[in-house]
Amino acid sequence: QYKPADRYVAQHYGGSASLSGAVSFKVTGGDTTTGIDFVLKPGGTISGTVTDSLTSAGLNRHFMYALPDNDSSYFELKRAGRHYRTFTNANGEYAFNGLPVGRYRIQAGHYTELKHIAGSNHYGIRFHRNRPDYASAAIVNLPVPLRFAGLDFKLTPQGTGFVTGYV
C-alpha cells in the first residue's frame, strides 16, 4: 500500500539519519546494483496555525522551523542545516511531517524574501508559548511517531519600517 513519503523519517542508506553515518556502496557502469533497499520508519507530525494577534487572520507564507533540542546553539543548528523547515498556507496552517522521535523547539519567523513589500507587517521571531528566543523556548516532545496538533502562534505585528541605503 502506497503512503506519502512525507510521513516517514528521511534516512541515508544503512538507516542513518546523518550523511556521516551513511553506508556507501559501489556502482559499476553497465552493471545493475541490487539489494539497496530501505525500510522507512514512520515519523511524527507537529502542526498548528499562525495568526495575527490583532486581526486573527492566518499568516500566509510564514516560515516555521522545528529545531532539535540538543547541546547545539541556535545559530549552530541553523548554520549547519540541522533543522526542519516548512511554511504556512493561505489560512496560516503549517505541518512538520516525518519528524524523527525527539525533542523540538518550534520557531515562527517570517520569510523575509517574500515580505519586502512596502507597508507589509513584520512579525519578528517567536518560539512556542510566545517565548522570545531559543534558550527559553518551550520543548515539544515526540517520544513516539505521533501527531501533535494545535501548536498555534498568535503573532503581533512589529511595524512596517525598512532600512535602505547604498554601500
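Predicted model: local features only at pLDDT ≥ 70, side-chain atom pairs only at ≥ 80, totals over all residues.
## The nonpolar cores

M64 also belongs to the largest nonpolar core, which has 17 residues. Together with I46, Y94, F96, I106 and F153, M64 is among the members that touch the most other members. Six strands each supply at least two residues of this core: β1 (44-52), β2 (62-68), β4 (93-99), β5 (102-110), β7 (140-142) and β9 (153-155).

## G48 in strand β1

Strand β1 contains G48. The relative accessibility of G48 is 9%, and because buried means under 20%, G48 counts as buried.

Which residues is G48 in contact with, leaving aside its neighbours within four places in sequence? They are G92, E93, Y94, G150, L151 and D152. One of these, Y94, is also a member of the largest nonpolar core. F96 is 48 residues from G48 along the chain, and the C-alpha atoms of the two are separated by 9.4 Å.

## Salt bridges around D69

How many salt bridges does a search of the whole structure find? The search finds two. In one, R103 pairs with D69, and the closest N and O atoms are 3.0 Å apart. R103 lies in strand β5, whereas D69 lies in the loop between β2 and α1 (74-79), so this pair ties together parts that are 34 residues apart in sequence. R103 counts as partly exposed, at 42% relative accessibility. D69 also counts as partly exposed, at 21% relative accessibility.

R105 forms a salt bridge with D69 as well, with the closest N and O atoms 2.6 Å apart. Here, too, the arginine lies in strand β5 and D69 in the loop between β2 and α1, so the pair ties together parts that are 36 residues apart in sequence. Is R105 buried or exposed? R105 is buried, with a relative accessible area of 12%. Through shared partners, the salt bridges join D69, R103 and R105 into one network.

Terms used:
Residues numbered from 1 in each chain as written. Heavy atoms only, no water. Core = buried A, V, L, I, M, F, W, Y, C linked by side-chain atoms within 4.5 Å. Buried < 20%, exposed > 50% of the residue type's maximum accessible area, 1.4 Å probe, protein only. Helix = DSSP H or I, 4+ residues; strand = E, 2+ residues; numbered from the N terminus. Contact = heavy atoms within 4.5 Å. Salt bridge = Lys/Arg side-chain N within 4 Å of Asp/Glu carboxyl O.
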